[in-house]
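Biologist: Got the file open. Can you walk me through it, starting with the terms you use?

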Amino acid sequence: MTDAFTADVAVVGLGPVGATAACLAHDLGLRVVAFDRAAEIEPRPRAIGFDQEAMRVFAGLGLTEAISPYVMPYRPSEYRNADGRTIRRIGTAPPPHALGWAPNYTFSQPHLEAALRQRLRQSAGVEIHLGTEVTDVRLDDTGAFVETVDATGQRSTFRARYVLACDGGGSPLRTRLGLRLRDLEFDEPWLVADVLLHPGAGLELPRTNVQYCETARPTTFVVGPGNLRRWEFMINPGEDPEEVSQDDFVRRLLSRWLAAEDYDLWRAASYRFHALVLQQWRAGRLFFLGDSAHMTPPFLAQGMCQGIRDASNLLWKLALRLRGTAEEPLLDSYQREREPHVRHVTLAAKELGRIICERDPATAAGRDAELLEELAAAPEGIIRQSLIPGLSAGFLAPDGFLARGEVLPQPRVVDHRQRRGLLDEFTGGGFRLLVRRDADASAVDSALRAHRTAQGFPLRVVRMMDQRSPTQPDEFREEQHVLDDWMRRRSCVAVLARPDHYVFGGARLADDVAGLLHSAARQLRPSAFVAARPPARERGVV
């Protein structure tokens with residue numbers, strides 16, 4: 001057995017979260033070895049929705065063109081009671097969209113996974129082992145030994161500096177370590193069915209997504225991309241989950257909406273929808289992501305999104321740690337940042353599930369009256385993305401700085417060569433200091449010189465122009481003032497964005513930029529600043 005490292009990161013599980021994590025690791029310059037015990041992509045119906053943050057990650061991986069035929073903007077949702085009356089609406093934010101993408105999408109998960117895996121196959125420094133089960137992970141101070149067995153019975157050992165457990169809700173790695181999940185008290189059986197409409201069929205189906213809040217059998221209808229439509233049916237007491245997954249039973253349920261000759265039943269499966277959050281997301285050099293760390297009811301279409309955020313949050317931190325640019329506390333911020341966010345989103349989804357899954361007629365009548373009153377006061381309903389929070393703790397600027405933990409908007413811009421596109425296409429996803437056009441340039445430049453002198457972390461400066469055309473590589477002009485308006489509403493002349501597009505903090509004055517950069521550098525490498533005196537702004541002197 002050798003102690004030579006096979007990879008920087010071993011990824012266990014190549015569903016959408018594991019595959020995304022592996023792609024991000026590759027793009028950050030890390031060597032990757034990835035395993036999945038299945039030889040093929042999961043055939044059962046799983047996720048059907050993701051949001052603008054996930055789309056921003058996929059776009060950053062260069063997958064926009066590959067997945068575009070299988071992705072469609074998410075339609076508004078209506079909640080309807082047993083009488084067919086709309087009792088709640090959940091809409092989407094109008095354009096211009098804050099992150100450059102539609103707030104939410106429906107998609108075909110097998111095609112997304114295929115695009116992610118194809119990208120991995122084309123990536124140098126990535127080793128993929130499908131049909132290979134990870135039988136054990138043995139951790140030590142410098143890494144882990146990953147024991148595997150493939151479909152032929154061949155056993156192998158791999159050495160990695162870190163291991164990412166993306167092995168699903170039943171996570172064998174989590175079970176092997178005896179780690180416990182916190183139960184947020186949601187456990188309901190549902191049947192999920194995907195159908196493919198025949199040409200010209202389904203014209204009478206709803207044009208929007210619908211939650212049928214009917215006590216006899218709560219049901220969800222989702223308009224997918226192309227001819228894909230999804231139904232989710234709550235399984236009634238006394239029904240066997242295996243039996244309700246059979247074609248004949250599913251077709252009887254679908255007959256309310258479609259004739260048998262109007263569609264092909266693509267796939268169906270029964271699940272228990274849970275609300276669970278792992279108590280300990282890290283065990284030494286092993287981290288848990290996606291369903292292995294948390295399970296969310298599907299009523300907010302955030303299950304997969306939660307895992308994509310995990311990967312986006314963690315991988316840049318691992319890369320900085322491996323390069324020596326950051327110290328161990330940065331890795332501890334993973335759970336500090338992600339767990340409160342996951343709990344908030346999971347509880348929001350659970351609350352929607354409580355509304356949808358009500359089976360008592362008297363309680364449902366009270367629910368209807370309450371929601372109808374709310375709808376009368378706000379006929380447009382609520383905006384789906386308003387239910388998703390920012391970060392509340394972790395690698396963030398101290399109190400007093402602005403916009404901490406918010407997601408950085410992404411405008412469409414023009415660069416100094418008159419090229420047009422989304423800002424990420426020009427700046428990438430590293431640390432970025434975005435500076436408003438009217439900021440005191442001399443104060444900002446002085447802060448940047450001090451940052452370079454102190455050998456701070458790699459940083460790209462992005463100077464936002466107004467009407468004047470950009471003339472320098474770091475200058476960009478917005479087409480619709482999305483970012484400028486956002487910064488002005490938050491009274492920021494400059495903001496420091498993290499590689500995962502969350503805002504470390506914003507400065508009210510250009511003189512505060514030095515303190516902002518110093519705070520980030522000190523949190524990345526606290527030992528280097530033990531004897532250093534922070535700038536006045538960070539000491540609380542304004």
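Modeller: Buried means under 20% relative accessible area, exposed over 50%, and partly exposed in between, using a 1.4 Å probe and protein chains only. This is a predicted model, where local features need pLDDT of at least 70, side-chain atom pairs count only at pLDDT 80 or more, and totals for chains, interfaces and linings use all residues. Residues are numbered from 1 along each chain as its sequence is written, and side-chain values use heavy atoms, with hydrogens and water left out.

Biologist: How many salt bridges are there?
Modeller: The structure holds 39. A salt bridge here is a side-chain nitrogen of Lys or Arg within 4 Å of a carboxyl oxygen of Asp or Glu.

Biologist: What does Arg 44 pair with?
Modeller: Arg 44 has a salt bridge to Glu 42, with 2.8 Å between the closest N and O atoms. Glu 42 is partly exposed at 26% relative accessible area, and Arg 44 is partly exposed too, at 38%.

Biologist: And Asp 500 with Arg 498, buried or exposed?
Modeller: Asp 500 is buried, with a relative accessible area of 5%, and Arg 498 counts as buried at 0%. Their closest N and O atoms are 2.7 Å apart in a salt bridge.

Biologist: Which residue does Arg 256 meet in a salt bridge?
Modeller: Glu 214, at 2.8 Å from N to O. That pair links distant parts of the chain, 42 residues apart: Arg 256 is in the loop between helix 7 (247–254) and strand 16 (263–278), while Glu 214 is in the loop between strand 13 (209–212) and strand 14 (219–223). Helices (H or I, at least four residues) and strands (E, at least two) are DSSP runs, numbered from the N terminus. Glu 214 counts as buried, at 13% relative accessibility.

Biologist: Which residues are linked in a network of salt bridges?
Modeller: Asp 194, Arg 230, Glu 232 and Arg 267.

Biologist: Switching topic: how do helix 8 and helix 9 cross?
Modeller: The axes of helix 8 (residues 303–323) and helix 9 (residues 328–356) cross at roughly 170° and come within 9 Å. Axes are lines fitted to C-alpha atoms, for helices over the stretch in contact, and angles run from 0 to 180 degrees between N-to-C directions. Helix 8 and helix 9 are therefore roughly antiparallel; angles under 35 degrees count as roughly parallel, over 145 as roughly antiparallel, 65 to 115 as roughly perpendicular and the rest as oblique.

Biologist: Which residues meet there?
Modeller: From helix 8, they include Leu 314, Trp 316 and Leu 318, and from helix 9, Leu 330, Tyr 334 and Val 342 are among them. Contact means heavy atoms within 4.5 Å.

Biologist: What about the sheet with strand 27? What's the strand order?
Modeller: That open sheet has seven strands in the order 22-21-25-24-23-26-27, with mixed pairing. Strand 22 (420–422) and strand 27 are the edges, each pairing on one side only. Two strands pair if DSSP finds at least two bridges between them. Strand 26 and strand 27 run antiparallel, joined by four bridges.

Biologist: Which strands does helix 14 touch?
Modeller: Helix 14 (residues 513–524) packs on the sheet against strand 23, strand 26 and strand 27, and its direction makes about 155° with that of strand 27.

Biologist: Last one: which residues of helix 13 are buried?
Modeller: In helix 13 (residues 482–489), Val 482, Leu 483, Asp 484, Trp 486 and Met 487 are buried. Their cover includes helix 11 (423–427) and strand 26 (494–497). Ser 491 follows helix 13 and has a positive phi, near 60°.
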